[in-house]
Amino acid sequence: MRKEKKNPKSRLLKIAVCLFVVYIAYSIVVQQLEIRDRKMMLEAVQQQCQQQSEENKEVERLLAMSDDKDYIERIARERLGYAYPDEKVYIDSSKN
């Protein structure tokens, strides 16, 4: 029995195929990592969008209330400390 010599072209073809498979596997891994990063960025942007939407609704609600006389009176009392001229205001200093 004689050992047959392997064809150098066959060996080169096998090496090329192996390198191609490694390159494809590497490309797939890199793309999967990029997809994961983009999904995380998308989730963050969606969360920011949701928060901004809630904030916009609150601002719209406050704008709608700004014409309400009771709302204006409450803000004047709570934030500015205003009172009617004949009204006595008592301040609780214990703050329990």
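Biologist: L13 has its place in helix α1. Is L13 buried or exposed?

Modeller: This is a predicted model, in which local features need pLDDT of at least 70 and side-chain atom pairs count only at pLDDT 80 or more, while totals for chains, interfaces and linings use all residues. Residues are numbered from 1 along each chain as its sequence is written, and side-chain values use heavy atoms, leaving out hydrogens and water. Buried means under 20% relative accessible area, exposed over 50%, and partly exposed in between, with a 1.4 Å probe and protein chains only. The relative accessible area of L13 is 56%, so L13 is exposed.

Biologist: How far apart in space are L13 and V29?

Modeller: In sequence, L13 and V29 are 16 residues apart. From C-alpha to C-alpha, their separation is 24 Å.

Biologist: How many helices does the chain have?

Modeller: Helices (H or I, at least four residues) and strands (E, at least two) are DSSP runs, numbered from the N terminus. The chain has zero strands, and its helices number two.

Biologist: What radius of gyration does the chain have?

Modeller: The radius is taken over C-alpha atoms, and the globule rule is 2.2 Å times the number of residues to the power 0.38. A compact globule of 96 residues would come out near 12 Å. The C-alpha atoms here fill a box of roughly 120 × 35 × 15 Å along the principal axes. The radius of gyration of the chain is 36 Å.

Biologist: What share of the 96 residues counts as buried?

Modeller: The chain exposes about 10,100 Å², of which carbon and sulfur atoms supply 58%. Areas of this kind come from the Shrake-Rupley method with a 1.4 Å probe; for residues, only the protein chains shown count as cover. The buried share of the 96 residues is 4%.

Biologist: Which buried residues does helix α2 have, and what is the arc they fall within?

Modeller: Helix α2 covers residues 69-78, and its buried residues are Y71, I75 and A76. They line one face of the helix, because the arc they fall within, seen down the axis of α2, is 135 degrees. The arc is that of the directions from the helix axis to the C-beta atoms.

Biologist: Which helix is included in what covers the buried residues of α2?

Modeller: The face turned away from the buried side of α2 carries the exposed residues K69, D70 and E78. Contact means heavy atoms within 4.5 Å. The cover over the buried residues of α2 includes α1.

Biologist: Which residues does Y84 touch?

Modeller: Y84 lies in the segment after α2. It is partly exposed, with a relative accessible area of 44%. Not counting residues up to four places away in sequence, Y84 touches E73 and R77.

Biologist: How many salt bridges does a search of the whole structure find?

Modeller: A salt bridge is a side-chain nitrogen of Lys or Arg within 4 Å of a carboxyl oxygen of Asp or Glu. By that rule, the number found in the whole structure is five.

Biologist: What is the closest N to O distance between R38 and E34?

Modeller: These residues are four apart in helix α1 (residues 8-65), which means about one helical turn separates them. R38 is exposed at 52% relative accessibility, whereas E34 is partly exposed at 41%. They form a salt bridge, with the closest N and O atoms at 3.6 Å.

Biologist: Which residue forms a salt bridge with D37?

Modeller: D37 is partly exposed at 38% relative accessibility. The N to O distance of its bridge is 3.5 Å. The partner is partly exposed at 47%, and it is R36.

Biologist: Which residues does one network of salt bridges join?

Modeller: E58 and R61 meet in a salt bridge at 2.5 Å, N to O. They are three residues apart in helix α1, about one turn, and are partly exposed, E58 at 37% and R61 at 39%. Elsewhere, salt bridges with shared partners join into one network E73, R77 and E87.

Biologist: Which residues form a nonpolar patch on the surface?

Modeller: Patches are made of residues with over 30% relative accessible area and no salt bridge; like charges are joined within 9 Å, and nonpolar side chains (Val, Leu, Ile, Met, Phe, Trp, Tyr) within 5 Å. One member, I28, lies in helix α1 and is partly exposed at 45%. With about 420 Å² of accessible area together, the patch is formed by F20, Y23, I24 and I28.
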